[in-house]
Amino acid sequence: MLIDLSCPIELRGYELLHDDTGVTRARIDLFNVSDNTICAYAGVVRWSRDETGEARNDSIRVDQLDLEEGTAFKLSLSTNQLRYADRVEIYFTSVEFYDAPAWQPDDSDMVDVGEQKQLEGAELTRLQEAAGDDALMYPQTQDEFWRCVCGRINPLSLDTCVRCRRERQYVLGELNRRAVGMSPEQVWARQKRQARAKAASRQMVRARKDTSLYIALLLAACAAFIALAMWMAWSV
Ligand SMILES: [Zn+2]
């Protein structure tokens, strides 16, 4: 995955909706990760549909904004030119501020960050207990960037995460896998324990069912015996 580490606007997610005719509407979650108030931005929106390989680019410009640093905002878009689009991406071409020079992309700021997989299950719960509900993965340092627990990729030149404002030193030192997480061996041992507990509980349920059946048969036999004894007594 290629990302532009210098871009002042971060795309955090989106939701796509289609109407009966295939028109696609997108609600896109964006975030101002810069230290300045954004007054306008422009970019290229790329709609695509995986199934057919079709794609369409639209240019956009949004102005008269007042987006303070560290704020989330939304962008609503739609297209009737690519029916049933199932993906939308934005490549920002300029971001303008009230009190700072405009930002424009530079190819040298693009880095390939590979696949960033979120934690799941018990490991994620454990990390969130230590770091907070926004934590998604263990921090990491690579050649060109460091990754925060919130999942944001930051350039090595920054000591604070641009998304959650956590300190790099604290994140890497206190919230790493060794400090709060479980080793792969511990995760494996835990899964094994859970599987054993599940098997034992299944066995107990089966044993309980067998006991109930024996008691029912015994009671039926007793009832039959008493009925026979009474019948014989009555016959005499
Ligand atoms: Zn962060």
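1. Among contacts in the protein between residues at least 6 apart in sequence, 58% link residues at least 24 apart. Two residues are in contact here if their C-beta atoms, placed from the backbone, lie within 7 Å.

2. This is a predicted model, in which local features need pLDDT of at least 70 and side-chain atom pairs count only at pLDDT 80 or more, while totals for chains, interfaces and linings use all residues. Residues are numbered from 1 along each chain as its sequence is written.

3. On overall dimensions, the protein has a radius of gyration of 31 Å, whereas a compact globule of 236 residues would have one near 18 Å. That radius is taken over C-alpha atoms, and the globule rule is 2.2 Å times the number of residues to the power 0.38. Along the principal axes, the C-alpha atoms fill a box of roughly 115 × 55 × 30 Å.

4. Of the 236 residues, 16% count as buried. A residue is buried if 20 or more other C-beta atoms lie within 10 Å of its own, with C-beta atoms placed from the backbone.

5. The protein has four helices and 11 strands. Both are DSSP runs numbered from the N terminus: helices are H or I with at least four residues, strands are E with at least two. Two strands pair if DSSP finds at least two bridges between them. Strands of a sheet pair through backbone hydrogen bonds, either parallel or antiparallel.

6. Strand β3 (residues 24-32) is joined to β6 by eight bridges. Phe31 has Ala72 in β6 as its bridge partner.

7. Strands β4 (residues 38-49) and β5 (residues 54-62) run antiparallel and are joined by nine bridges. Val44 is partnered by Ser59 in β5. The hairpin of β4 and β5 has four residues between the strands, and Gly53 takes a positive phi near 80 degrees there.

8. Another open sheet has three strands in the order β9-β10-β11, again with antiparallel pairing. Here β9 (140-141) and β11 (153-155) stand at the edges with a single partner strand each, so one side of each has no neighbour in the sheet. Two bridges join β9 to β10 (residues 145-147), and Gln140 stands opposite Arg147 in β10.

Conventions. Buried ≥ 20, exposed ≤ 12 C-beta atoms within 10 Å, placed from the backbone.
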